[in-house]
Amino acid sequence: MRLNRIIVSGDIGCEYEFGDVNVLLGDNNSGKSTLMKLILFSLGAPIKSFIDEISQKKLCNNVTLEVTLKNGRSIRIIRKLPTSEAFLVTPVKSEEEIVNDEITVYNAEEFSDFLLESEGYSTEKIAYAKDKMASFRFYFLLRALYVDQDTSAHSILSDLNMGQEYFTSQPIIKKSIVEKMLGKDNSELQRIRIAIKEL
């Protein structure tokens with residue numbers, strides 16, 4: 001997925017266009033993490049602490065994210081702030097042309113499946129422990145995590161309100177998902193991945 005543009009409307013709003021490589025710099029409490037949470041929110045993450053903050057201050061009305069999916073389609077996603085289970089998705093035919101007569105409204109689960117399929121992931125559940133199932137959605141959210149030097153990945157995952165079992169079982173869930181994607185005998189691929197990561 002390639003991020004193209006984000007628009008936040010309300011008393012305090014913003015609009016940014018993204019390039020191939022983006023660097024976000026700013027002082028503490030300047031809004032870096034909030035921008036990341038807005039992106040995650042528009043991709044379907046239920047970020048409870050963020051929602052409480054927006055709800056109390058009532059400064060933003062909705063967030064719009066324009067992305068190009070791995071399948072080549074460009075879409076505009078609109079989600080109402082501080083919380084909404086509805087995701088409005090509109091095709092973007094060109095840089096300026098939004099196809100308003102082709103709006104699709106998804107609930108959270110439908111939108112999650114739509115994103116997973118568009119990015120080439122399965123929507124099926126994967127067993128990771130006895131009587132426990134995880135979705136590729138977990139892997140998709142991990143891919144979307146960006147943290148700065150002062151924010152741990154765990155604190156953002158806590159905000160995603162995914163349930164305690166996801167935190168305690170992160171390694172085994174990730175292992176199960178990787179095995180599903182690459183096959184159980186993937187030690188050589190994993191070795192290459194680790195070597196690349198170290199570089």
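Is arginine 76 buried or exposed? Select arginine 76 and look. Its relative accessibility is 17%, so arginine 76 counts as buried. The cut-off for buried is under 20% relative accessible area. Keep in mind that this is a predicted model.

**Stop 1: the whole chain**

Zoom out and colour by secondary structure. The chain holds eight helices and eight strands. Now colour by burial. Of the 199 residues, 38% count as buried. Next, think about contacts. Take those between residues at least 6 apart in sequence: 47% of them join residues at least 24 apart.

**Stop 2: a network of charges**

How many salt bridges does a search of the whole structure find? The search finds five. Here are some of them.

Select arginine 5 and glutamate 15. Their side chains form a salt bridge, with N to O at 2.8 Å. This pair links distant parts of the chain. Arginine 5 is in strand 1 (residues 2-9), and glutamate 15 is in strand 2 (residues 14-17). They are 10 residues apart. Check how open each one is. Glutamate 15 has 45% relative accessibility, so it counts as partly exposed. Arginine 5 has 17%, so it counts as buried.

Glutamate 66 is in strand 3 (residues 62-68), while arginine 5 is in strand 1. Glutamate 66 is buried, because its relative accessible area is 7%.

Now go back to arginine 76, where the tour began. The side chain of arginine 76 forms a salt bridge with glutamate 66, at 2.5 Å from N to O. Arginine 76 is in strand 4 (residues 74-80) and glutamate 66 is in strand 3. This pair is 10 residues apart.

Show all four side chains together. Shared partners join Arg5, Glu15, Glu66 and Arg76 into one network of salt bridges.

**Stop 3: a residue in a loop**

Select aspartate 20. Where does aspartate 20 lie? It is in the loop between strand 2 and helix 1 (32-42). Aspartate 20 has a relative accessible area of 71%, so it is exposed. The cut-off for exposed is over 50%.

The side chains of aspartate 20 and arginine 2 make a polar contact at 3.0 Å. Then pick asparagine 4. The C-alpha atoms of aspartate 20 and asparagine 4 are separated by 9.0 Å. Along the chain, these two residues are 16 residues apart.

**Stop 4: the nonpolar cores**

Which residues touch the most other members of the largest nonpolar core? Select Ile6, Leu81, Phe111 and Phe114 to see them. This core has 23 residues. Several elements give two or more residues to the core: strand 1, helix 1, strand 3, strand 4, strand 5 (87-91) and helix 3 (108-118). The largest share comes from helix 1, with four residues.

Now move to a second place.

**Stop 5: the aromatic rings**

Show the aromatic side chains. The structure holds four aromatic pairs. Start with tyrosine 106 and phenylalanine 111. Their ring centres are 6.3 Å apart and their planes are at 50°, so this pair is tilted. Tyrosine 106 is buried, because its relative accessible area is 18%. Phenylalanine 111 is buried too, with a value of 0%.

Is the pair of tyrosine 106 and phenylalanine 114 stacked or edge-to-face? Their ring centres are 5.0 Å apart and their planes are at 25°, so this pair is stacked. Planes under 30 degrees apart count as stacked. Both tyrosine 106 and phenylalanine 114 are buried.

Phe87, Tyr106, Phe111 and Phe114 form one aromatic cluster. Phe111 and Phe114 were also on the list at the core stop, as residues that touch the most other members.

**Last stop: a charge over a ring**

Select arginine 79 and phenylalanine 41. Arginine 79 lies over the face of phenylalanine 41. The distance to the ring centre is 4.0 Å.

Conventions
Residues are numbered from 1 along each chain as its sequence is written. This is a predicted model: local features need pLDDT of at least 70, side-chain atom pairs count only at pLDDT 80 or more; totals for chains, interfaces and linings use all residues. Side-chain values use heavy atoms; hydrogens and water are left out. Buried means under 20% relative accessible area, exposed over 50%, partly exposed in between (1.4 Å probe, protein chains only). A polar contact is a pair of N or O atoms within 3.5 Å; within protein, one must be able to donate a hydrogen and the other to accept it, and residues adjacent in sequence count only if both atoms are side-chain atoms. A nonpolar core is a set of buried Ala, Val, Leu, Ile, Met, Phe, Trp, Tyr and Cys residues joined through side-chain atoms within 4.5 Å. Rings of Phe, Tyr and Trp (its six-membered ring) pair if their centres lie within 6.5 Å; planes under 30 degrees apart count as stacked, over 60 as edge-to-face and the rest as tilted. A charge sits over a ring if NZ of Lys or CZ of Arg is within 6 Å of the ring centre and within 35 degrees of the ring normal. Contact means heavy atoms within 4.5 Å.
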